[in-house]
Amino acid sequence: MATKRKSRILDQVYEGASDLHRLGFIDKRRMGEFEVLCKLEVPALSARKIKALRESLHVSQSVLAALLNTSVSTVQKWEIGEKKPGGPSLKLLNLIERKGIEAVV
């Protein structure tokens with residue numbers, strides 16, 4: 001399951017950039033940047049996957065919480081499925097999953 005940001009403003013920015021790209025005012029590389037910023041899909045992470053990720057990194061809940069600028073209790077709730085990460089925390093968890101902990105240290 002992926003979480004897609006719902007934003008009318010971002011949709012409008014992307015539509016405008018697409019038009020400018022089609023007309024030749026924005027190059028392919030810049031259009032790619034607009035796609036990343038405006039149409040970003042961030043996969044949701046299950047409680048089991050968050051815990052497995054943390055354990056694979058060999059870090060404690062408090063270390064992961066510090067890396068994500070959140071509380072230890074929030075990480076604990078994520079790992080038992082009581083809460084789900086969202087926004088910047090979800091994005092950082094996905095980044096850590098793809099690139100490793102070095103990406104955020």
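How many positive and negative side chains does the chain have, and how far apart do the centres of the two sets lie? There are 19 positive (Lys and Arg) and 12 negative (Asp and Glu) side chains, with His and the chain ends not counted. The centres of the two sets lie 3 Å apart, the place of a charge being NZ of Lys, CZ of Arg, CG of Asp or CD of Glu.

The model is predicted, with local features requiring pLDDT of at least 70 and side-chain atom pairs pLDDT 80 or more, while totals for chains, interfaces and linings use all residues. Residues are numbered from 1 along each chain as its sequence is written, and side-chain values use heavy atoms, without hydrogens and water.

Six helices and two strands make up the secondary structure (DSSP runs of H or I, at least four residues, and of E, at least two, numbered from the N terminus). Their order along the sequence is β-α-α-β-α-α-α-α. The radius of gyration is 17 Å, well over the 13 Å given by the globule rule for 105 residues, so the chain is more spread out than a compact globule (C-alpha atoms; 2.2 Å times the number of residues to the power 0.38).

Of the 105 residues, 27% are buried (under 20% relative accessible area, 1.4 Å probe, protein chains only).

Terms used: Buried < 20%, exposed > 50% of the residue type's maximum accessible area, 1.4 Å probe, protein only.
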